[in-house]
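Here is a short tour of one protein model. Look over the sequence and the structure first, then read on.

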Amino acid sequence: MASIYLRPLGLGATAAPAEGLPLAGGPLRFATAEVATRSAPDGVARQSLPLESALARVAAKAGPDAAAALRDRLSRPRAPFAGLTLDRARIMGVINVTPDSFSDGGERFDPGRAVADGQAMLAAGADILDVGGESTRPGAAPVDPAEEQRRVLPVIRALAAGGAVVSIDSRHAATLAEALAAGAIIANDVSALTGDPQSLPLVAGAGCGVVLMHMQGAPQTMQQAPRYGDVVLDVYDFLEARLEACLEAGLPREGIALDPGIGFGKSLDHNLALLDSLAVFHGLGCPILLGVSRKSFIARLAGEAPPKARLPGSLAAALSGVARGAQILRVHDVAETRQAVRVWEAIAAAPETDPALELSPVLESPPALESPKT
Ligand code: HH2
């Protein structure tokens with residue numbers, strides 16, 4: 001049977017409330033959508049349609065109930081995630097307690113420095129601190145879970161004791177368990193809980209928040225010629241399957257955030273396609289988390305800039321995510337991202353100019369010009 005997907009198009013905050021649907025209950029609305037139909041791995045047809053025609057197309061292919069459910073998942077306001085309302089974009093600050101992370105070269109391997117930097121990120125506006133003890137950069141070797149725990153647990157304990165919302169960035173069930181016991185309340189797993197058979201039952205039992213991220217392959221080899229039938233739809237299908245597995249295990253949909261995994265087994269073109277089509281993932285009915293900060297696709301586009309010189313590109317990509325409804329941004333530069341997002345959100349929320357003024361007779365028929373003096 002063909003699969004069918006709906007991507008909101010023409011997103012904007014200025015459409016009149018009667019027009020179209022709100023995206024995930026947020027400030028952005030849409031009245032048109034792209035329908036993608038797939039009958040084979042790479043046999044995809046796409047067409048842009050007015051929203052109601054797009055939903056009618058879904059109803060014709062998948063049935064009226066499926067179309068109504070998709071409409072509801074795309075538009076329903078999201079419940080708070082880990083206690084954070086999602087009425088504005090939330091910032092997740094990255095704390096890598098590693099000697100070898102690509103983004104900071106191991107600056108926070110010292111736990112005292114990691115805790116101090118986490119506190120500074122909170123003061124700069126971070127809503128969540130994501131603590132990790134294993135680099136997942138392309139080519140990175142796996143870290144033994146015992147060593148990973150030695151790195152992250154003291155940092156998590158200190159930050160959680162200070163009241164921070166902490167997430168643990170790990171693919172290992174034992175580390176997830178210890179981190180949750182130490183005060184973390186979100187499990188951020190770049191393997192979407194597939195890396196360790198114990199992870200899904202553990203997380204379901206703990207009832208914590210979960211981030212399911214897409215990755216093709218494993219960090220050591222994932223950038224060696226990644227291939228997809230259709231990258232956007234393949235990532236969608238993967239996240240949908242992992243979401244279903246979590247729901248079956250008893251996790252509530254509100255506790256699950258989804259992440260397309262920028263840079264994880266993806267070429268430049270794959271990353272750009274996912275960023276451009278990000279709004280399609282709202283069709284899964286969960287908050288979207290986006291990690292673009294300092295990633296190498298920015299360097300591919302901008303003269304091979306080293307990680308710490310990728311802030312402008314990181315901000316541009318983060319804002320493109322916000323413009324497509326991403327609710328959580330995973331970033332290294334918290335204060336800068338907070339400022340950029342605040343300005344973007346203020347512009348989006350600005351009241352519209354009075355349409356009556358725009359159509360005033362003065363503008364419609366300008367006064368006749370005086371004849372030039374000779
Ligand atoms: N990216 C990294 C690590 N964890 N988790 C999610 N959910 N999404 C991401 O995009 C993501 C992630 C890689 O970035 P970083 O932690 O800075 O680097 P390293 O893996 O080298 O420590």
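## Two crossing helices

The axes of H7 and H8 approach within 9 Å and cross at roughly 70°. This is a predicted model. Angles of 65 to 115 degrees count as roughly perpendicular, so H7 and H8 are roughly perpendicular to each other. Their crossing is right-handed. On the H7 side, Val-231, Val-232 and Val-235 make the contact.

Why give both an angle and a distance? Two packed helices are described by the angle between their axes and the distance between the axes.

## Two domains

The domain assignment of the protein chain gives domain 1 (3-75) and domain 2 (90-349). Their C-alpha centres are 27 Å apart. The two domains also touch: 18 residues of domain 1 are in contact with 23 residues of domain 2.

## The nonpolar cores

How many residues does the largest nonpolar core have? The count is 83. Leu-6, Val-131, Ile-156, Phe-281 and Leu-329 have the most contacts inside this core. Helix H7 (residues 231-248) gives the core its largest share, nine residues. At least three residues come from each of domain 1 (3-75) and domain 2 (90-349).

Leu-6 deserves a separate look. Not counting residues up to four places away in sequence, Leu-6 touches Ala-33, Glu-34, Leu-51, Ala-54, Leu-55, Val-58, Leu-70, Leu-74 and Val-280.

His-282 sits in the loop between helix H8 (268-276) and strand S12 (289-290). Is His-282 buried or exposed? Its relative accessible area is 0%, so His-282 is buried. Residues up to four places away in sequence aside, its contacts are Leu-23, Ala-24, Arg-73, Leu-74, Arg-78, Ile-288, Arg-324, Gly-325, Ala-326 and Gln-327.

Gln-149 belongs to helix H4 (residues 145-161). Its relative accessible area is 16%. Buried means under 20%, so Gln-149 counts as buried. Setting aside neighbours within four places in sequence, Gln-149 contacts Pro-154, Ala-174, Thr-175 and Glu-178.

## An exposed lysine

Lys-308 lies in the loop between helix H9 (296-301) and helix H10 (311-322). Its relative accessibility is 52%. The cut-off for exposed is over 50%, so Lys-308 counts as exposed.

Lys-308 still has contacts. Beyond its neighbours within four places in sequence, they are Ser-103, Asp-104, Glu-107 and Arg-294. Lys-308 and Ser-293 are 15 residues apart along the chain, and their C-alpha atoms are separated by 9.8 Å.

## Two positive phi angles

Most residues other than glycine have a negative phi. Ala-24 has a positive value, near 50°. Ala-24 lies in the loop between strand S2 (21-22) and strand S3 (29-30). With a relative accessible area of 9%, Ala-24 is buried. Ala-24 is also one of the residues that His-282 touches.

Glu-304 has a positive phi too, of about 55°, although it is not a glycine. Where is Glu-304 placed? The loop between H9 and H10 holds Glu-304. Its relative accessible area is 49%, so Glu-304 is partly exposed.

Conventions: Residues numbered from 1 in each chain as written. Predicted model: local features only at pLDDT ≥ 70, side-chain atom pairs only at ≥ 80, totals over all residues. Heavy atoms only, no water. Helix = DSSP H or I, 4+ residues; strand = E, 2+ residues; numbered from the N terminus. Buried < 20%, exposed > 50% of the residue type's maximum accessible area, 1.4 Å probe, protein only. Contact = heavy atoms within 4.5 Å. Core = buried A, V, L, I, M, F, W, Y, C linked by side-chain atoms within 4.5 Å. Domains from an automatic or database assignment. Axes fitted to C-alpha atoms, helices over the stretch in contact; angles between N-to-C directions. Parallel < 35°, antiparallel > 145°, perpendicular 65-115°, else oblique. Left-handed = near helix turned anticlockwise from the far one by under 90°.
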